Amino acid sequence: MNSSNKMNNVLLVLLSASVIATFGTIIFHLVDTSYETETAMRAKADESKFFEGVYVRDETVLTYSDTGAISYQVPDGGKIAVNDVIAEIYPDESTIEKKQQAEALQEKLNVLERISNPGTLEQAQPADLSRQISQYYEEMIQNRNAGNLSGMAAAEQQFMESCSTYQIVVSKGTVSFAQQISDLTAQIQTLQSEEATPIDTITSDSSAYFVSHVDGLESVLTAENLANITPEQIQDITKNSSENNLQTNQDQNTVGKSIAQYGWYMLGIIDNQDQKYQVGDSVKIRLMTSSATADATIQELRNTGEDGKVMVVLYSDMLTSDFVQNRTENVEMILGEYEGIKVPRSAIRFKDVEETVTDEETGEEKTQTVNSRGVYVQDGEKVEFRRLDVVYEGKDYVLSKLNAGDGYLMLYDSIIVEGIDANGN
């Protein structure tokens, strides 16, 4: 009996110790807050450089010989075809003002005639018109905030048209614009009777883009002269551009210039000390003003005499109106665009990991130990090491490949960023 009692006592002590240990472990994990974690999230990054670029293009200055005032028929950055009328020359400004007034009145007349069409009452619905009014009002505000005056004017026109149509619809035809239509028609006829014939017409002799201003560099910054353009010239041009010292319309008989619709160059000074950018690299040019992009190739990297600084010569054959407005542009040159799981550098650790590799010559599989870069993650109560397949290196973070496979960091893992040392303790 004594032996049996002693055994029971021993078992009771062991059971009690086990319960206490288990309870202590639970309490420890509940109160232990030494790990600081961060959820593994998807992110994007660009390998890029920002600089002020200078356009080198084939540009033809357009002039006229007679005195007079210019009436442009093509907006800045507008595309022109062979024999398109670019501008008309009139004896004086007052003639042009009357012509522009008649055109503006004609636009108003067209709107009133369109919304007064009998079919409007049958097809237009007040709820739809109300939504359009709100939409165009928001577009007006957005364009105003963005400084897009042409977009703001277009939205304003649509806003006024929707409001007027709404008036007619809800009034069930009792509101009429007949008198306004009659008055506008009479005013237009009067102005048209006073119109003068242009004394000269400027037309295009090739397909191109048109810009109404010149800067005096059209004969210097040419593709033919590309080899002679120095880094010092580019630096002077960008400096003068930022100080608004570039010449514009220096000749009173200058109409503007046409820009050929084929290959063009952009030059700028960049820091390439790490030599990430090489001749032949395909890049993307993004304008900081409009976010317009064009694919380009690095043609040259010319030495500037400054440590790590080079003049990059980019070539592109993608030309749109966004790329003809100015002589210089603040641009982003993108070498690569990457997507992956964002990992703070402070969380990165190294650990020896066994992996199976296949011999390319024999096809035999073998196991080897490699020192792998990765992070520790918290999975419930467990702490595990997950490898990284780095696709991009940022200053204070890296991007690891999405869906890299077993043993690698996955989306939404809890990355331990503090509270663990290099050995996982």
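## Getting started

Because the model is predicted, local features need pLDDT of at least 70 and side-chain atom pairs count only at pLDDT 80 or more, while totals for chains, interfaces and linings use all residues. Residues are numbered from 1 along each chain as its sequence is written, and side-chain values use heavy atoms, with hydrogens and water left out.

## The overall picture

The protein has 7 helices and 20 strands. These are DSSP runs numbered from the N terminus: helices are H or I with at least four residues, and strands are E with at least two.

Of the 425 residues in the protein, 35% are buried. Here, buried means under 20% relative accessible area, exposed means over 50%, and partly exposed is in between (1.4 Å probe, protein chains only). A contact means heavy atoms within 4.5 Å. Taking contacts between residues at least 6 apart in sequence, 74% join residues at least 24 apart.

Let's look at helix α2 (residues 93–115) and helix α5 (residues 149–170), which pack at an angle of about 35 degrees with their axes 10 Å apart. The axes are lines fitted to C-alpha atoms, for helices over the stretch in contact, and angles run from 0 to 180 degrees between N-to-C directions.

Which residues in α2 and α5 meet? From α2 come Val 111, Arg 114 and Ile 115, and from α5 come Gln 157, Glu 161, Ser 164, Thr 165 and Ile 168. The residues of this contact divide into 3 nonpolar, 3 polar and 2 charged. In this sorting, Ala, Val, Leu, Ile, Met, Phe, Trp, Tyr, Cys and Pro count as nonpolar, Asp, Glu, Lys and Arg as charged, and the others, Gly among them, as polar.

## Pairs of rings

A search of the whole structure finds 8 aromatic pairs. Rings of Phe, Tyr and Trp (its six-membered ring) pair if their centres lie within 6.5 Å; planes under 30 degrees apart count as stacked, over 60 as edge-to-face and the rest as tilted. Tyr 72 lies in strand β4 (residues 69–72) and Phe 210 in strand β8 (residues 208–211), so the pair ties together parts that are 138 residues apart in sequence. Tyr 72 is partly exposed at 35% relative accessibility, whereas Phe 210 is buried at 0%.

Tyr 392 and Tyr 397 form a tilted pair, with centres 6.1 Å apart and planes at 40 degrees. Tyr 392 is buried at 11% relative accessibility, and Tyr 397 is buried at 18%. Elsewhere, ring pairs link Tyr 55, Trp 264 and Phe 323 into a cluster.

## Charges over rings

Some rings have a charge sitting over them (NZ of Lys or CZ of Arg within 6 Å of the ring centre and within 35 degrees of the ring normal). The charged end of Arg 57 is over the ring of Tyr 55, 4.4 Å from its centre. Lys 342 lies over the face of Tyr 397, at 4.7 Å from the ring centre.

## Two asparagines in loops

Asn 83 is not a glycine, although its phi is positive, at about 75 degrees. This residue is in the loop between β5 (78–80) and β6 (85–90), and Asn 83 is exposed, with a relative accessible area of 58%.

Asn 403 has a positive phi too, near 50 degrees. Its place is the loop between β19 (397–400) and β20 (414–418), and Asn 403 is exposed at 64% relative accessible area.
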